[in-house]
Amino acid sequence: MSFDRSQWTAVITGAIALLLGIGYLVLVQVLDSRGEMLPAPMSTLQLGWDACSHWISCWGSSGRIL
């Protein structure tokens with residue numbers, strides 16, 4: 001049983017597809033096993049928004065810092 005070039009390409013492509021599929025399933029299992037996803041505390045979100053709104057308010061209409 002001898003393989004020509006196109007058959008080797010198909011075998012290698014199939015093996016890569018299987019490895020990617022198995023890797024994806026392993027990644028999903030690992031991420032799922034970390035437990036329940038909890039939202040960030042509101043205090044953390046508020047600090048981030050305050051910093052963002054400060055920089056937004058410092059920019060003038062010309063795009064330069066006032």
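This is a predicted model: local features need pLDDT of at least 70, side-chain atom pairs count only at pLDDT 80 or more; totals for chains, interfaces and linings use all residues.

Q: What does the secondary structure of the protein chain come to?

A: The chain has 2 helices and 0 strands.

Q: And what share of the 66 residues is buried?

A: Buried residues account for 0% of the 66 residues in the protein chain.

Q: How much accessible surface does the protein chain have?

A: About 6,400 Å². Carbon and sulfur atoms own 70% of that surface.

Q: Which residues form the nonpolar patch on the surface?

A: Phe3, Trp8, Val11, Ile12, Ile16 and Leu20. Together they have about 590 Å² of accessible area.

Q: Take Leu20. Where does it lie?

A: Leu20 is in helix α1, which covers residues 5-32.

Q: Is Leu20 buried or exposed, and why?

A: Leu20 is exposed, because its relative accessibility is 61% and the cut-off for exposed is over 50%.

Q: Now Phe3. Where is that one found?

A: Phe3 sits in the segment before α1.

Q: What is Phe3 in contact with, leaving aside neighbours within four places in sequence?

A: Phe3 contacts Trp8 and Val11.

Q: Switching to rings. How many aromatic pairs does a search of the whole structure find?

A: The search finds 1 aromatic pair. Phe3 and Trp8 make that pair, with ring centres 5.0 Å apart.

Q: Why does the pair of Phe3 and Trp8 count as tilted?

A: The planes of the Phe3 and Trp8 rings are at 55 degrees, so the pair is tilted. Stacked needs under 30 degrees and edge-to-face over 60.

Q: Last one. What are the relative accessibilities of Phe3 and Trp8?

A: Phe3 has a relative accessible area of 34%, so Phe3 is partly exposed. Trp8 is at 45% and also counts as partly exposed.

How values were computed: Residues are numbered from 1 along each chain as its sequence is written. Side-chain values use heavy atoms; hydrogens and water are left out. Patches are made of residues with over 30% relative accessible area and no salt bridge: like charges are joined within 9 Å, nonpolar side chains (Val, Leu, Ile, Met, Phe, Trp, Tyr) within 5 Å. Accessible areas come from the Shrake-Rupley method with a 1.4 Å probe; for residues, only the protein chains shown count as cover. A salt bridge is a side-chain nitrogen of Lys or Arg within 4 Å of a carboxyl oxygen of Asp or Glu. Helices (H or I, at least four residues) and strands (E, at least two) are DSSP runs, numbered from the N terminus. Buried means under 20% relative accessible area, exposed over 50%, partly exposed in between (1.4 Å probe, protein chains only). Rings of Phe, Tyr and Trp (its six-membered ring) pair if their centres lie within 6.5 Å; planes under 30 degrees apart count as stacked, over 60 as edge-to-face and the rest as tilted. Contact means heavy atoms within 4.5 Å.
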